[in-house]
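Thanks, everyone, for making the time this morning. I would like to walk through one model with you, slowly, and you are welcome to stop me along the way.

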Amino acid sequence: MTKSRTLRIVVAVAVCAMVAGCSNSTASSAKKTYTMKDMTVGFIQTGSESGWRGANTSSFKETATADGITLKFYDSQNKIENQITAFNTFIQDSTVNVIVLAAVGTTGYDEVLKAAKAAGKVVIIEDRRIEADASLYYTYIGSDFNKEGHKSAAAMCDLLKGKATANIIELGGDQAASASIDRHKGFAEALPDCTTTKMTVLDYQNAPGWDPVQGKAIMEAFLKKYPGQIDGVFGHNDEQAIAGIQAAEAAGLTAGTGGIVFVGVDATANGFKYLINGKLGADIECNPLLAPQVYKAALDALNGVTGQATWTPSEEGQFFAAQGAAALQAILDTRKY
Ligand code: GYE
């Protein structure tokens with residue numbers, strides 16, 4: 001075999017090797033496109049403190065099943081320390097590529113967020129805002145609680161129309177939760193906007209862990225402390241508002257028209273029940289069905305999508321007893337929670 005023929009064969013083999021090499025490297029370095037089925041999500045939920053929370057949990061479980069996502073669900077029993085433990089567990093878990101946090105509190109997450117980022121985990125904050133640098137998580141998807149506070153004040157103003165002055169009691173959720181902190185702030189900010197009634201918050205107390213039993217006890221104490229002086233009650237969620245109604249009725253007072261007016265937040269099925277019977281005057285919606293948005297954002301993150309909004313506020317409405325039982329029932333029949 002002549003030298004030149006050998007040389008040609010050697011060159012041909014070399015070229016083939018290079019092409020193969022390139023295709024392999026491009027094949028291997030070709031960026032993986034993730035699908036929902038590639039996602040293993042460690043979901044750190046606050047607990048199971050309310051109807052809203054139950055609907056939020058179902059949204060994540062049902063959507064994960066529908067989309068073929070592997071979901072590792074953790075119930076934090078409304079304790080921040082449990083959330084930190086769960087975070088570290090999911091950071092150590094090599095199968096987990098996405099961590100979703102519904103925060104019990106607003107602070108104390110920086111270290112685990114930094115560790116998750118260093119471990120290459122995608123982190124999405126859902127439901128509750130936290131005090132942490134936005135560079136430590138991909139995005140936050142949740143409600144504008146401050147705006148819900150404003151809407152609650154406007155609803156209270158509407159319900160108390162005809163009274164020159166009115167005394168309000170506020171039954172708060174857990175004091176560490178951004179939902180309660182911001183609703184309280186928004187309510188206080190908007191009260192002076194009421195031009196028909198001068199509203200004064202007589203007193204305000206938080207129910208630890210959003211516990212309605214404690215909410216009822218707080219209302220019972222306020223009824224004793226301010227006999228005959230309470231015109232309106234703002235409950236930071238449906239359970240707190242309903243606890244207030246139950247305490248008032250147990251004290252022989254009327255809840256609703258002609259008695260103490262009540263405003264709640266969430267607009268769960270239980271809230272609607274009290275709108276329909278007229279004891280709850282207004283219910284400000286807070287959307288718990290956040291999973292589809294959260295999983296979509298997580299997939300975007302895995303696929304390297306950048307330029308995402310740091311916060312995506314949820315679309316929400318409000319409902320009034322004045323809409324009438326039939327109309328409210330028709331709306332309720334269309335709702336998932
Ligand atoms: O209003 C309440 C739940 O974070 C929006 O938490 C959520 C709140 C909701 O306990 O019912």
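Let me begin with C157 and C194, which form a disulfide, with their sulfur atoms 2.0 Å apart. Please keep in mind throughout that what you are looking at is a predicted model. As a reminder, a disulfide is a covalent bond between the sulfur atoms of two cysteines. The link of C157 and C194 is right-handed, with 70 degrees about the S-S bond. As for where the two partners sit, C157 belongs to helix α5, residues 145-159, while C194 is found in the loop between α6 (178-190) and β7 (198-206), so the pair ties together parts that are 37 residues apart in sequence. Both C157 and C194 are buried, and a search of the whole structure finds 1 disulfide. Another cysteine to mention here is C286, which counts as buried because its relative accessibility is 1%, under the 20% cut-off.

Let me turn now to a pair of helices. Two packed helices are described by the angle between their axes and the distance between the axes. For helix α7, residues 212-225, and helix α8, residues 238-250, the angle is about 45 degrees and the axes are 8 Å apart. The two helices, α7 and α8, are therefore oblique to each other, and their crossing is right-handed. Which residues make the contact? On the α7 side they are P212, G215, K216, M219, E220 and L223, and on the α8 side they are E239, Q240, A243, G244, Q246, A247 and A248. Sorted by class, this contact of α7 with α8 has 6 nonpolar, 4 polar and 3 charged residues.

Finally, I would like to look at the backbone at two places. D127, which is placed in strand β4, residues 122-127, has a phi near 75 degrees, a positive value in a residue other than glycine. Is D127 buried or exposed? With a relative accessibility of 3%, which is under 20%, D127 counts as buried. The other place is A267, in the loop between β9 (261-266) and α9 (269-276), where phi is near 60 degrees, again a positive value in a residue other than glycine. A267 has a relative accessibility of 0%, and so A267 counts as buried.

That brings me to the end of the tour, and I am happy to go back to any part of the model.

Key:
Residues are numbered from 1 along each chain as its sequence is written. This is a predicted model: local features need pLDDT of at least 70, side-chain atom pairs count only at pLDDT 80 or more; totals for chains, interfaces and linings use all residues. Side-chain values use heavy atoms; hydrogens and water are left out. Axes are lines fitted to C-alpha atoms, for helices over the stretch in contact, and angles run from 0 to 180 degrees between N-to-C directions. Helices (H or I, at least four residues) and strands (E, at least two) are DSSP runs, numbered from the N terminus. Angles under 35 degrees count as roughly parallel, over 145 as roughly antiparallel, 65 to 115 as roughly perpendicular and the rest as oblique. A crossing is left-handed if the near helix is turned anticlockwise from the far one by less than a right angle, and right-handed if clockwise. Contact means heavy atoms within 4.5 Å. Ala, Val, Leu, Ile, Met, Phe, Trp, Tyr, Cys and Pro count as nonpolar, Asp, Glu, Lys and Arg as charged, and the others, Gly among them, as polar. A disulfide is a pair of cysteine sulfur atoms within 2.5 Å. Buried means under 20% relative accessible area, exposed over 50%, partly exposed in between (1.4 Å probe, protein chains only).
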